[in-house]
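Reader: I have a protein model open and I want to learn to read its packing. Where do I begin?

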Amino acid sequence: IRFGSLLSLGVNDIDPLNQILPEPLDDMNLVNHSENDRLRSKVWMDFTPVYVEGRIHGADCVHCHTRLSAEKSTGDLNQHTQTCSARAGTSVNHQKGGLFSSSVPIFKSRVKDELLPALTNGKVQIAEYASRFHLGYNSGDRTCQNQHILALPADNMTPMEQDKSSARTPDIKIRKFDQEASYQELTRMIIMHDYPLSIVEHEEMKRFAKGLNPVFNMASSLDIEEYSTLLFQKEKSDLKEKIALSSRRVSLSASVWVPHGAEPTIKYLCLTAHFIDSEWKLQRRIIKFGVLWSSPSDLERMIHCKEACVLESEVGAYNVIWEAIREWNLDRKLFCLTSVSEIRNSGSISKLKDMLIQRNCLPIRGELYNIACVDDMLDSVLSKGQPLLYRVGDLLERFIQACASSSLTQQQLLEVANDVGMKCPHEDAKWWHKIYFRLEVLLHFKKLLPSEEFVSVEEMKIVEPIYKILRVFYRVVEVMSGPVCLTANMYFHEVWKVRTILQEEACTEHSDVASMIREMQEAFNEYWAKSYLWLSVPVVLDPRFKITFIEFRLKRAFGTDATKYVNDVAEIVRELFHEYCTPVDQPNVKTSNCEVHNVEIDGFDSDLLEDWDQHLTAQTRSQLLSELDSYLEDGLLPRKDDFDILNWWMSHSSKYPTLSKMVQDVLAMPSSAVHCQAAFSSEGPVIHKQWSTLNIKTIEALVCTRDWIS
């Protein structure tokens, strides 16, 4: 066979993707027998055949590259060989840079050897074959490069033959293109990276997708929105089932989100569920994303999104949270709610709490329901020292300007900033976070260059105590709002660090600093009075500490006043456990007796057995209460940093069956409603503009699904 017939695979108009050869490639017969007979003419030494639908329709001169018709005969080709100026005086066998006739068998052998691994009982997919050989044969160098041949097993091959074939071919997974699966993966990518839905309609995106696979038809933004909703519904159904099979109750946290950028005309409420699943793993999942408030003048949003505005009439939080409770069947599974001040201080939350208590939905009369977000507490405490802290900020500005005056010190300053061991705050970081970072840089710089006096001795008396306070506050936020979920038994220790540092630094000799710390302590004590119960209860359920630790800590802190605190904690633990002794899904004994009040058994009224039922109930309750007493009376475990409290309770759930159920719910209580990155941001949690312009139902599907699949 002539080399021209091979080259034609790269220049014909046939889509090679659909060309599966019908018979073995014996002797490189790439066309049918009638076409092979036509190629035996010597004239084809000077021409390359051009195929259309497997038949020769034309020929390209290998010398001058003129294309001639060859559909019916080769007469025109013979005439052209006599008049071709590029061919005149040359010989195909001896022209420089040409393909020697003696080299044809060699080339034929190399190509056939290369195709041997791809032979699969007569069927070869030549998706790459045509283009590869076309590129491998160029006008400057008439040599064939070693190229890869992509092969598919024949349908009628046995499994053993397919295995042998695949053993000789490269390890490439061949699978059928799935348009639906491609849409789903595209949707996941858009959700995971906050891309705008309209990205699928960008011309660059369409060209990129077509370049990867010409068969792929790009979806529209409406398609992606529909796929996002379908994925949301599927993941939501799975999560609902997981929550239903998890611990008895679920804790909630509520935060406020705003669109990123300019002054927002809308605010969102993000509701997150916290629970310990059946495998004793702490879970944190967003379950609701709704409109908290929207500007009544935002006419464009009302038109585009078809949404009624939610006025600041203190009903936004109530509506969103109550809708989530009903939607997720949590009316009998609620334990506590942790929220930021904007939500917690609204009248709608008090209204919601009263309604839930009336419906008997909350344990111990809602004592653990409305918890203050620890990030808000820290911000509130630090705000009391704002005037003095801003003075320190001005001092730090002067220090940085002094360093910038010299290229050498400026370089040293940047080196120190890279070595302080904490991330540089973003532009939208909280004001006190920026001050703390600069204090870290200043103190490290003074250690590096002690001779430089950028800060006076008097100024250092202000700087050092403020640095220590801000360092503790920063570490507490970092731990309690971090990406790793903490169990609630750790919160007491972190909050106690704040109290301790304020107490230690209150002894400073500098009057301005001492005055500032006193105001901070007042703000902290106000928080403590409202939060010590929910902070202490989880510690009692830590087998390393129990009630003994609470008594020890509070007595050292409050002296004789500590007795009241300790008694309150012990009473609330016992009352909570008492409620867990009567599961909410079991009918009350009195109710059962009322249903059979008029039934007679052997002539006696059934009321005669009521005292027996009460006796059994009292006996069962006594046995259950002894479970709590047994736990509290057992010795304390040695304190180890790597102690896994969830694993301990899971392994002791058979010994303490009722108490372990209570522990699952208590340890899942959240201390913060926002994640670490948002906790250090002055804006708080934000949603990108490309999503905030969508309908709230679509936004909810995107935000929740991203949280669930990440």
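**Helix pairs and cores**

Author: Begin with one crossing: helix α11 and helix α13 cross in a right-handed way. A crossing is right-handed if the near helix is turned clockwise from the far one by less than a right angle, and left-handed if anticlockwise. Helices (H or I, at least four residues) and strands (E, at least two) are DSSP runs, numbered from the N terminus. This is a predicted model: local features need pLDDT of at least 70, side-chain atom pairs count only at pLDDT 80 or more, and totals for chains, interfaces and linings use all residues. Residues are numbered from 1 along each chain as its sequence is written, and side-chain values use heavy atoms, without hydrogens and water.

Reader: At what angle do α11 and α13 pack?

Author: Two packed helices are described by the angle between their axes and the distance between the axes. Axes are lines fitted to C-alpha atoms, for helices over the stretch in contact; angles run from 0 to 180 degrees between N-to-C directions. Here α11 (residues 316-327) and α13 (residues 347-358) pack at about 35 degrees, with axes 8 Å apart.

Reader: Which residues of α11 and α13 meet?

Author: Contact means heavy atoms within 4.5 Å. From α11 come Ala317, Tyr318, Ile321, Trp322 and Ile325. They meet Ser348, Ile349, Lys351, Leu352, Met355 and Leu356 of α13.

Reader: How do α20 and α21 cross?

Author: Helix α20 (residues 511-540) and helix α21 (residues 546-558) cross at roughly 150 degrees, and their axes come within 8 Å. This crossing is right-handed. Trp528, Ser536, Val539 and Val540 of α20 make the contact with α21 residues, including Lys546, Ile547 and Phe549.

Reader: Which residues have the most contacts inside the largest nonpolar core?

Author: In soluble globular proteins, nonpolar side chains tend to be buried together. A nonpolar core is a set of buried Ala, Val, Leu, Ile, Met, Phe, Trp, Tyr and Cys residues joined through side-chain atoms within 4.5 Å. Buried means under 20% relative accessible area (1.4 Å probe, protein chains only). The largest core has 106 residues, and Leu439, Trp649 and Leu659 have the most contacts inside it. Its largest share, 15 residues, comes from α20.

Reader: Why does this core lie between domain 1 and domain 2?

Author: Domain 1 (225-372 + 680-709) and domain 2 (374-581) both give residues to this core, so it lies between them. Those bounds come from an automatic or database domain assignment.

Reader: Is α26 mostly covered or mostly open?

Author: Mostly covered: 8 of the 10 residues of α26 (residues 657-666) are buried.

Conventions. Buried < 20%, exposed > 50% of the residue type's maximum accessible area, 1.4 Å probe, protein only.
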